[in-house]
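Please examine the sequence together with the three-dimensional structure shown below. The explanation that follows leads through its architecture and through several individual residues.

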Amino acid sequence: MTSRITVNRTLIALAGIALLGTGLWLLGATRAVADHLPAWWPAPPADAVLLDREGLASLRGTGWWAPAVMAAGTVLTLLCLAWAVSRTPVRGPRPTGPLSTARAELGLTALEDAVCEDARRIEGVARARCRIALRRTSAHLALRVWTLPGYAAKDVLDGLDAVSTTVEHALRPRGLHTRTRVSAQRHAAPHVR
């Protein structure tokens with residue numbers, strides 16, 4: 001997942017840099033901007049065009065021009081479509097994960113519900129929410145806990161470690177990465193009438 005995010009951000013950054021550079025280069029063709037640019041700036045001449053009519057006519061006259069343009073457009077469209085489809089979240093039944101015992105499987109929603117229930121049983125916890133994501137060789141547990149007024153995060157961390165250890169044993173042989181966030185539940189402001 002991290003490598004996909006890195007690739008996406010790199011491609012977007014490269015496309016942005018290319019578009020910015022092209023825009024700045026074309027901006028150098030305007031008379032108002034060209035007068036203020038340094039001498040080394042590779043600005044196009046003021047009367048230049050990207051592709052003149054004669055150059056375009058000679059390209060259209062070659063046999064490879066039309067198929068090359070159609071192939072490039074098709075490939076670019078398919079790449080953009082594949083990227084958009086890969087970014088669309090897939091809705092459907094949550095996967096099941098094998099438990100450490102032989103021939104036993106457990107739905108992730110049931111495991112998440114059990115983890116939240118165990119976390120709520122810890123003294124000082126008001127409510128809990130969790131999400132488990134399975135990968136091929138690892139699992140990720142995101143646990144969010146709100147403490148009751150008068151309790152600090154350090155008061156509930158030992159209990160949360162025990163919950164995390166239970167999940168780790170249940171999901172073996174996968175390794176478990178846990179991210180825990182503990183917040184204090186806000187006091188309800190009293191209303192005076």
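**Arg181 and the fold around it**

Arg181 is partly exposed, with a relative accessible area of 49%; buried denotes under 20% relative accessible area, exposed over 50%, and partly exposed the range in between, computed with a 1.4 Å probe and with protein chains only. The structure is a predicted model, in which local features need pLDDT of at least 70 and side-chain atom pairs count only at pLDDT 80 or more, while totals for chains, interfaces and linings use all residues. Residues are numbered from 1 along each chain as its sequence is written, and side-chain values use heavy atoms, with hydrogens and water left out.

Arg181 belongs to strand β5. Helices (H or I, at least four residues) and strands (E, at least two) are taken as DSSP runs and numbered from the N terminus. Apart from its neighbours within four places in sequence, Arg181 is in contact with Leu143, Arg144 and Val145, where contact means heavy atoms within 4.5 Å. Arg181 and Ala128 are separated by 53 residues in sequence and by 9.9 Å in space, C-alpha to C-alpha.

The protein chain as a whole contains six helices and five strands. Along the sequence, these elements follow the pattern α-α-α-α-β-β-α-β-β-α-β. Of the 193 residues in the protein chain, 18% are buried. Among contacts between residues at least 6 apart in sequence, 51% join residues at least 24 apart. The protein chain exposes about 14,600 Å², of which carbon and sulfur atoms supply 62%; accessible areas come from the Shrake-Rupley method with a 1.4 Å probe, and for residues only the protein chains shown count as cover.

Strand β5 is part of an open sheet of three strands, arranged in the order β3-β4-β5 with mixed pairing. Two strands are said to pair if DSSP finds at least two bridges between them. The edge strands are β3 (125–134) and β5 (175–184), each of which pairs on one side only. On average, neighbouring strands of this sheet are turned by 15 degrees against each other, direction ignored. Such angles run from 0 to 180 degrees between N-to-C directions, and the axes are lines fitted to C-alpha atoms, for helices over the stretch in contact.

Between β3 and strand β4 (residues 138–147), the pairing is antiparallel and extends over nine bridges. A hairpin of three residues joins β3 to β4. Leu134 stands opposite Ala139 in β4, and Arg127 has Trp146 as its bridge partner in β4.

Helix α5 (residues 108–120) lies across β3 and β4 and runs at about 150 degrees to β3. Helix α6 (residues 153–170) packs on the sheet, touching β3, β4 and β5, and its direction makes about 155 degrees with that of β5.

The largest nonpolar core has 21 residues, and those with the most contacts inside it are Val115, Ile132, Leu141, Leu160, Val167 and Leu171. A nonpolar core is a set of buried Ala, Val, Leu, Ile, Met, Phe, Trp, Tyr and Cys residues joined through side-chain atoms within 4.5 Å. The elements giving two or more residues to this core are α5, β3, β4 and α6. Not counting residues up to four places away in sequence, Leu160 touches Ala119, Ile122, Leu143, Val145, Thr180 and Val182.

What does the side chain of Glu112 lie 2.8 Å from? A polar atom of this side chain is at that distance from the backbone nitrogen of Ile132. A polar contact is a pair of N or O atoms within 3.5 Å; within protein, one must be able to donate a hydrogen and the other to accept it, and residues adjacent in sequence count only if both atoms are side-chain atoms. Glu112 lies in helix α5 and is buried, with a relative accessible area of 7%.

Ala139, located in β4, counts as buried because its relative accessibility is 0%. Beyond its neighbours within four places in sequence, Ala139 is in contact with Ala133, Leu134, Leu171, Arg174, Gly175, Leu176 and His177. Ala139 and Leu171 are 32 residues apart in sequence and 7.7 Å apart in space, C-alpha to C-alpha. Thr147, also in strand β4, is buried at 1% relative accessibility. The side chain of Thr147 reaches the backbone oxygen of Tyr151 at 3.4 Å. With neighbours within four places left aside, the contacts of Thr147 include Gly124, Val125, Ala126, Ala152, Val156 and Val182.
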